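Here is a short briefing to read alongside your structure. Please keep the view open as we walk through a sheet and its helices.

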Amino acid sequence: MKTRIKTCVIGSYPPQIDTIELMHSYFNQEEVTWEKYIEYAVNDMINAGIDVVSDGQTRDPFIQIFTRKLKGCRTRNRTEIVDKIEYHGPIIIDDQKYVRDLIPKDKKLKGVITGPCTLTNSCIDLYYNDEKKTAFDFAYALKKEAEALQKHVDMISIDEPFFSNHIPDYSKELIGIITKDISCPTILHACGDVSTIVPELLEMPVDILSHEFKASPQLFDAFKEYSFSQGICLGSVRSDDIRVEPVEEITKHIIRAIDIFGDKIIQISPDCGQRLLPRDVAFQKLKNLTKAGEKING
Ligand SMILES: [Zn+2]
């Protein structure tokens, strides 16, 4: 029997932040109730019909979510590395537990970890003066988060947007440190034009490769040169463009991918996180993605 292609989000969703309430909390020194914002995002994903949801990363941008809770990082108006990077305890786990209770039993949850290369290159280093050492310490800290996280999610994605700029020759080792003892499916998401680094990506010790095939259609040609074992999460609607792709257009894109890659296409998603889109646009894109998925799955 043909396996159903699953609709997924990548990670972030436009935060529905109430700035008046945030100011009120700040001046009254009250805790902000982030759960409400997570709930907005997750409800939109569920209402759009998405099979694999995330927590929407509404609490913070994807770098700060991690650097705020890792020892050795200092996050003010920029993030600095001021000491040895070490795991200090759960980072995104409470949010996943919260999402798990919100979603119907037939929906899956993806835990999203920002990768060591992207974290390394997004921080001002005042301690290591050595990019490789910094990246490895991030990887060892993220490994601990991933090991704890796998008990609460159905799959784990490592997001490395930085790979499209530069992929260090030790990147496979870094990703392997994180995925080594993980028993749930693992994903590597690298957005941007990754057409020149396909051989390196195919070496990655993960189950699924997730890339922006919609904004970078040259990836079709770049990937079809190779045979590989991983499944593909096919970027099918753009995250950098407010135009909502019609269902027909998305369906055609998915059919093109299936014609080339066959049953390797196991997930369809936006090209990247949707944080920067207006909320109604992000929602409509997910809805059309779902409708296209339904057409393909029959
Ligand atoms: Zn991305």
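Predicted model: local features only at pLDDT ≥ 70, side-chain atom pairs only at ≥ 80, totals over all residues.

Three strands make up an open sheet of mixed pairing, in the order E3-E4-E6. Residues are numbered from 1 along each chain as its sequence is written.

**Terms for the sheet**
- Helices (H or I, at least four residues) and strands (E, at least two) are DSSP runs, numbered from the N terminus.
- Strands pair if DSSP finds at least two bridges between them.

**Around E4 and E6**
- Strand E4 (residues 79-86) runs parallel to E6, and two bridges join them.
- Ile-81 has Asp-125 in E6 as its bridge partner.
- Helix H6 (residues 131-149) lies across E4 and E6, at about 65 degrees to E4; axes are lines fitted to C-alpha atoms, for helices over the stretch in contact, and angles run from 0 to 180 degrees between N-to-C directions.

**H2 against H4**
- Helix H2 (residues 35-47) packs on helix H4 (residues 93-102) at an angle of about 50 degrees, with the axes 11 Å apart.
- Glu-35, Ile-38, Glu-39 and Val-42 of H2 make the contact with Asp-95, Tyr-98, Val-99 and Leu-102 of H4 (C-beta atoms, placed from the backbone, within 7 Å).

Notes:
Contact = placed C-beta atoms within 7 Å.
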